[in-house]
Amino acid sequence: MKVKHEQIKEDVKLTLARMAADANVTLEQMKDFCIEVINRGVSSKAKKQSFIKDVKAAPRKDLATWPVYNYILAGEGNKVG
């Protein structure tokens, strides 16, 4: 049985931006959301871990979003076959 992955859509990208700008969202909440988004992608666990490592190391919310955007732009958030 093949596991299906959810495609990362525009609303997720907008949510990332809103959360980064929202003073009520903590850095830890932001990191948790970013990791959840990366885990929705189609790439291997090893590749995901590289991006997740960058999220965890981020000292600010806006910097936590960059690995997610890079992950999406690299095409790793797209659904395959």
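Analyst: Let's start with a term: a salt bridge is a side-chain nitrogen of Lys or Arg within 4 Å of a carboxyl oxygen of Asp or Glu. A search of the whole structure finds three of them. This is a predicted model, where local features need pLDDT of at least 70 and side-chain atom pairs count only at pLDDT 80 or more, while totals for chains, interfaces and linings use all residues. Residues are numbered from 1 along each chain as its sequence is written, and side-chain values use heavy atoms, leaving out hydrogens and water.

User: Why is the pair Glu 10 and Lys 13 called a salt bridge?

Analyst: Their side chains meet at 2.9 Å, N to O. The cut-off is within 4 Å, so the pair qualifies. Both residues sit in helix H1, three residues apart, which is about one turn of the helix. A helix here is a DSSP run (H or I, at least four residues; strands are E, at least two), numbered from the N terminus.

User: What makes Glu 10 exposed, and what does Lys 13 count as?

Analyst: Buried means under 20% relative accessible area, exposed over 50%, and partly exposed in between, using a 1.4 Å probe and protein chains only. Glu 10 has 52%, so it lands in the exposed class. Lys 13 has 23%, so it counts as partly exposed.

User: How do you know that Arg 40 forms a salt bridge with Glu 36?

Analyst: The closest N and O atoms of Arg 40 and Glu 36 are 3.1 Å apart, so the pair meets the definition. Arg 40 is at 19% relative accessibility and therefore counts as buried, whereas Glu 36, at 41%, is partly exposed.

User: And what makes Asp 62 and Arg 60 a salt bridge?

Analyst: Their side chains meet at 2.8 Å, N to O, so this pair passes too. Asp 62 is at 33% relative accessibility and therefore partly exposed. Arg 60, at 44%, is partly exposed as well. As a general point, side chains of opposite charge can pair when their charged atoms come close.

User: How many helices and strands does the protein chain have?

Analyst: Four helices and zero strands. Read along the sequence, the pattern is α-α-α-α.

User: How do you know that H1 has a span close to the expected one?

Analyst: The expected span of a helix is 1.5 Å times one less than its number of residues. H1 has twelve residues, giving an expected 16 Å, and it reaches 17 Å from its first C-alpha to its last.

User: What makes a group of residues a nonpolar core, and which helices supply it here?

Analyst: A nonpolar core is a set of buried Ala, Val, Leu, Ile, Met, Phe, Trp, Tyr and Cys residues joined through side-chain atoms within 4.5 Å. The largest one has 18 residues, and those with the most contacts inside it are Met 30, Cys 34, Ile 38, Val 55 and Val 68. H1 (10-21), H2 (27-39), H3 (45-57) and H4 (61-73) each supply at least two residues. H2 gives the most, with six.

User: Which residues is Ile 38 in contact with?

Analyst: Contact means heavy atoms within 4.5 Å. Leaving aside neighbours within four places in sequence, Ile 38 is in contact with Lys 48, Phe 51, Ile 52, Val 55, Val 68 and Tyr 71.

User: Why is Ile 35 called buried?

Analyst: Ile 35 has a relative accessible area of 17%, so it falls in the buried class. Its place is in helix H2. Setting aside neighbours within four places in sequence, Ile 35 is in contact with Ile 52, Val 55 and Lys 56.

User: What about Gly 41: buried or exposed?

Analyst: Buried, with a relative accessible area of 0%. Gly 41 lies in the loop between H2 and H3. Gly 41 and Ile 72 are 31 residues apart in sequence and 8.3 Å apart in space, C-alpha to C-alpha.
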